[in-house]
Amino acid sequence: GFGLGQQNGSENGTRKRGVELQYRHDERISLNGLAYRQETLATGSERDVAEARLQFRDKRNGAHVGILQATDSFDNGTDNESRQLLAGVQRRFLDNRVNLRLNHEQSLGGDNDSSDFPTRTVLGADFTVNEKISLFAEQEFTSSSAEDTEGTRAGIKATPWNGGELATSVEQRYTEQGARAFANLGLNQAVQLDDHWRLDFGLDRSHTLKHPGSTPVNVNVPPASGSEDDFTAVSAGVGYRHDDWSWTSRVELRDADSENKWGVTTSILGEPRKGLGVSARAQYLDTDPASGDATRQADIQFGIAHRPVDGRWIVLDRLDFGFNDRDGADADFRERKIVNNLHANYRMNSKTQLAM
């Protein structure tokens, strides 16, 4: 937990050491290898992983074969090991606009115990809308000595800049650490349709076929397959941007064994004139857990920023209205709040400023 919140929650109290190598034979064939050790300092658990992979790829086809060894060691003397054979193929059709792929990771010799390296099969399809946007869908099945799972994912995948990639459900599911209301879905950047409109959508489903569940090396890291509880989640968002104002809105729903959630967020930001900015934002969240303690939360925010280039005054102000209601089995809870934050800065001369 050291620092100022800049570190992912999944990385707290971990040490990782390793090496990754790639040998490129030509433009189509490459050999990749990696080996690393991960230690969870709070519990003393360790993970050792070694992988080698031979990969072929051209403009329309792709394939890979490889081997992987993973060992999870715990402080009680237990070792969970997975020894796997890796294979995958992909093929592009219709002028490379459609990409079909199949990946399989087969555990060998009864060694199928590592929580993040079970026997896994992933079927996927991608449809390219344009050079920066594609739609994707995936179906995953896993099987291990501890649990069997299946998962479904669909959404938009975008390349907003060279070398960068954004996906509305797959990547975000593993990187967000609970700051949002729905940890499995969330998006910091939407797909731009034209000069004004952008949108995003996502589907994520996870179902555990066999319990009691595998033992993770680090409980702070979401599982690579399956989930702590079964769920289906969908989201949709839309945004519009004009020269001097913009509007965004988003709806998310999550139906899980532990609780059901839905929420809506909308906001508007504008600059009526140079040096003056105004904003408004509203959010509503409704949670219905299996325990029966239903909660409803709402926040409304108004903001103003007065910062002329040639003026002596800079004024920033934000006004928040909010409520939080919980209907509990033993008692009900009601909270109302009105909070105003004001910062004013006055430049008296070139050497002196007054702030409050």
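Author: Let us begin with burial: a residue is called buried under 20% relative accessible area, exposed over 50%, and partly exposed in between, with a 1.4 Å probe and protein chains only. By that rule, 35% of the 356 residues in the protein chain are buried. This is a predicted model, in which local features need pLDDT of at least 70, side-chain atom pairs count only at pLDDT 80 or more, and totals for chains, interfaces and linings use all residues. Residues are numbered from 1 along each chain as its sequence is written, and side-chain values use heavy atoms, with hydrogens and water left out.

Reader: Which strands does β18 join through bridges?

Author: Two strands are said to pair if DSSP finds at least two bridges between them. Strand β17 (residues 294-306) and strand β18 (residues 313-327) run antiparallel and are joined by 13 bridges. They form a hairpin with six residues between them, and Ala305 stands opposite Leu316 in β18. On β18 there is also an antiparallel pairing with strand β19 (residues 332-347), through 15 bridges. That hairpin has four residues between its strands, and in it Asp317 stands opposite Leu342 in β19.

Reader: To which strand is β16 joined, and what is found in the turn?

Author: Strand β16 (residues 276-289) runs antiparallel to β17, with 12 bridges between them. The two form a hairpin with four residues between them, and Gly292 in the turn has a positive phi of about 95°.

Reader: How should I read a positive phi in a residue other than glycine, and where does Asp95 lie?

Author: Most residues other than glycine have a negative phi. Asp95 has a positive phi, near 60°, and Asn96 has one near 65°. Asp95 lies in the loop between β5 (79-93) and β6 (98-112), and Asn96 lies in the loop between β5 and β6 as well.

Reader: Are these residues buried or exposed?

Author: Asp95 counts as exposed because its relative accessibility is 76%. Asn96 counts as partly exposed, since its relative accessibility is 32%.

Reader: Which residues make up the largest nonpolar core?

Author: A nonpolar core is a set of buried Ala, Val, Leu, Ile, Met, Phe, Trp, Tyr and Cys residues joined through side-chain atoms within 4.5 Å. The largest one here has five residues: Val49, Leu68, Ala70, Leu86 and Phe117.

Reader: With which residues is Phe117 in contact?

Author: Contact means heavy atoms within 4.5 Å. Leaving aside neighbours within four places in sequence, the contacts of Phe117 include Val49, Leu68 and Ala70, as well as Tyr36, Arg47 and Asn112. For the protein chain, residues 24 or more positions apart account for 45% of the contacts with a separation of 6 or more.

Reader: Why is Gly239 counted as buried, and what is in contact with this residue?

Author: Gly239, in strand β13 (residues 231-241), is counted as buried because its relative accessible area is 2%. Neighbours within four places in sequence aside, Gly239 is in contact with His196, Trp197, Arg198, Trp247 and Thr248. Gly239 and Leu193 are 46 residues apart in sequence, and their C-alpha atoms are 10.0 Å apart.

Reader: Is Glu140 buried or exposed, and with which side chain does its own make a polar contact?

Author: Glu140, in strand β8 (residues 133-143), is buried because its relative accessibility is 5%. A polar contact is a pair of N or O atoms within 3.5 Å; within protein, one must be able to donate a hydrogen and the other to accept it, and residues adjacent in sequence count only if both atoms are side-chain atoms. The side chain of Glu140 makes such a contact with the side chain of Arg120, at 3.1 Å.
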